[in-house]
Amino acid sequence: MSSKAPEQKRKFRFLPEGTSLHKLSAVATLLVLIFAFSFTSPAFFTVNNGLTVLLQTSVIGLLAIGMTMVIITGGIDLSVGSILALAGVIAGLTIKIGLPVAPAMALGVFTGAACGFVNGMVIAKMRITPFVATLGMMLIARGIALQLTGAAPISRLGEAFGVLGNGALFRIVEMQDNGFPKVIFPGIPYPAILLLVMAVLGWYLLQKRQFGRHIFSVGSNEEAARLSGVNVDRTKIWAYTTSGALAGIAGMVLMSRLVTVQPNEGVMYELDAIAASVIGGASLMGGVGSISGSMIGAFIIGVLRNGLNMAGTSAFIQMIIIGIVVIGAVYIDQIRNKN
Amino acid sequence: MLDSVQISQPLVEMDNIVKTFGGIHAVEGVSTDLYSGEVVGVLGHNGAGKSCLMRILSGAMRANSGEIRVNGQTVDMKSPQDAREFGIETIYQTLALANHLDAPANLFMGRELKTRFGNLDDKRMLSEATEAIRQLNPNFKNLRDPVARLSGGQRQVIAIARAIYFQAKILIMDEPTAALGPSETAMVADLIVRLKNEGIGIYLISHDMHDVFELCDRVMVMNKGRNVGAFRIEDVNKDDVLSLIIKGTLPDSWEPRGGAE
């Protein structure tokens, strides 16, 4: 019994010890970034900008939750950016037809889940590698989104469509004497709350449910999982479906924030999501990863983007910097795997 | 009377099993049986079809034709889950462990224990795994480590514990001692005797002649996909078995040796 005490101290028992270290270093990186950007731009470290970062990160964060699950199975999902756009287009078009906002958005999320389900079927049943299957879906979903809209944005969707992306909980607004409203407390943006809820749900699924355990098993050793009676195909199909559904939700948040449906939105978002997962410690070889890590990763990317914007760095330079960060993160991942 | 009926009923009968891959005949019309409380050695070259035959029995592979009967009932095993429902457990040569997961997660892989809310019952899985594993190896301490970091012997213990925890009636052991040191090999040998005495039927795939003659009641030898001989262990010696493995036939001078004693 005496040997039990040190065993229970370690929290992330599925992951090599290096992973908690990795997570710590990711948090440290995030703090260093925040600290550095506070100096380059005085407006960076303010409540309002903090909320902006939260808002911007929520989309990447939502994508990263699903991406993490897929990456833990040893796969990858390149289609989330396109699925996000298609889900938005479906929601926008059905609102135009006359559907109320809530069911239209639900339909959008369902579209995302359906695309993810197709990904899973193609990967599990047709035995096509995740890279190729989701690359195909990336083109298919984007193509459908552009075809349905004629590549034109859908606007004038009504105020209700913008609530999810622009609303906030506990927002306090006071009318001033001059007739203009004054925001006393900007509130907690709905997208941030949604991200928190989904992240907790994702953590619960991965760590506490059989489905999550099977995701780890499949990614760690697919053949062993199959021989042990894990339904490998079903696990994969559900992982990709979850990723698709989360892409759908991310689409709703993003389009709602713009109050316009843009079929061109979300190009290359999958790369941000993958980068967030990898920075957060997920291994592209499968079997390793965590939601909390990916959330830290998402915030590193969000803060990096926002901070560089505030410092006036051009979009081109930003691409270069984020590219270097991604390569660096994957390189660290490889060193970790060697040990 | 009742006893003799139970003894005459084999646990497993495999009848005329055929498995082909394209034009290659991996298993050609092999029949074998296994009784309760008996260890049957399955011998042969690499590629003789022994692992293939055992994979068919463990549900990991489906035969092209042939019949499998468990306790006299014809069964159709589409997956390892099906085989497990008939009490067939397999210890694979590769061990089939998920390296990133810890010992309890591996032991219960595919058969996770759940609380009544449907959540994973990690606490119970840990305590059950601790008990099951310490029966085999009392020195096993680091149960929460990913199994990638454990020694070959410890990994083997997890694979064995996984098979016997679920009350196997039929156990397939594919080279269970290949990766083990002397003391661990002795532990596995003791375990096989214990399980056999509990009435479990064991198919033991092994290359180690010493193990085979020590532990097995019967041997069957496979050569080029065929069953070239099944004997009580008393009727053959090592040279006879080697001849069967290499040539596919017994030495010309062979006669049942058990009868001479």
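What follows is a short chat about a predicted model with chains A and B.

Colleague: Before I dig in, what are the ground rules?
Modeller: This is a predicted model, where local features need pLDDT of at least 70 and side-chain atom pairs count only at pLDDT 80 or more, while totals for chains, interfaces and linings use all residues. Residues are numbered from 1 along each chain as its sequence is written, chains are lettered from A in the order in which they are written, and side-chain values use heavy atoms, with hydrogens and water left out.

Colleague: OK, the interface. How many residues does each chain put into the contact?
Modeller: Chain A gives 31 residues and chain B gives 33, with contact meaning heavy atoms within 4.5 Å.

Colleague: And what area is buried between chain A and chain B?
Modeller: About 2800 Å², with carbon and sulfur atoms giving 47% of that. Buried area is the accessible area (1.4 Å probe) that two parts lose on being put together, summed over both.

Colleague: How many salt bridges are there between chain A and chain B?
Modeller: Two, where a salt bridge is a side-chain nitrogen of Lys or Arg within 4 Å of a carboxyl oxygen of Asp or Glu. A:R213 forms a salt bridge with B:D122, and their closest N and O atoms are 3.0 Å apart.

Colleague: Which element gives the largest share of chain A's side?
Modeller: That's α9(A), with six residues. Helices here are DSSP runs (H or I, at least four residues), strands are E runs of at least two, and both are numbered from the N terminus.

Colleague: Switching to chain B: what order do the strands of the open sheet take?
Modeller: β2-β1-β4-β5, with antiparallel pairing; two strands pair if DSSP finds at least two bridges between them. β2 (24-34) and β5 (73-75) of chain B each have a single partner strand, so one side of each is left without a neighbour in the sheet.

Colleague: How many bridges join β1 to β4 in chain B?
Modeller: Five bridges join β1 (residues 12-21) to β4 (residues 65-70). B:V18 stands opposite B:S65 in β4(B).

Colleague: Which helix packs on that sheet?
Modeller: Helix α2 (residues 50-57) of chain B, touching β1, β2 and β4; its direction makes about 115° with that of β1(B). Axes are lines fitted to C-alpha atoms, for helices over the stretch in contact, and angles run from 0 to 180 degrees between N-to-C directions.

Colleague: Back in chain A, at what angle do α8 and α13 pack?
Modeller: About 145°, with their axes 9 Å apart. Among the residues meeting there are A:W203 from α8(A) and A:F299 from α13(A).
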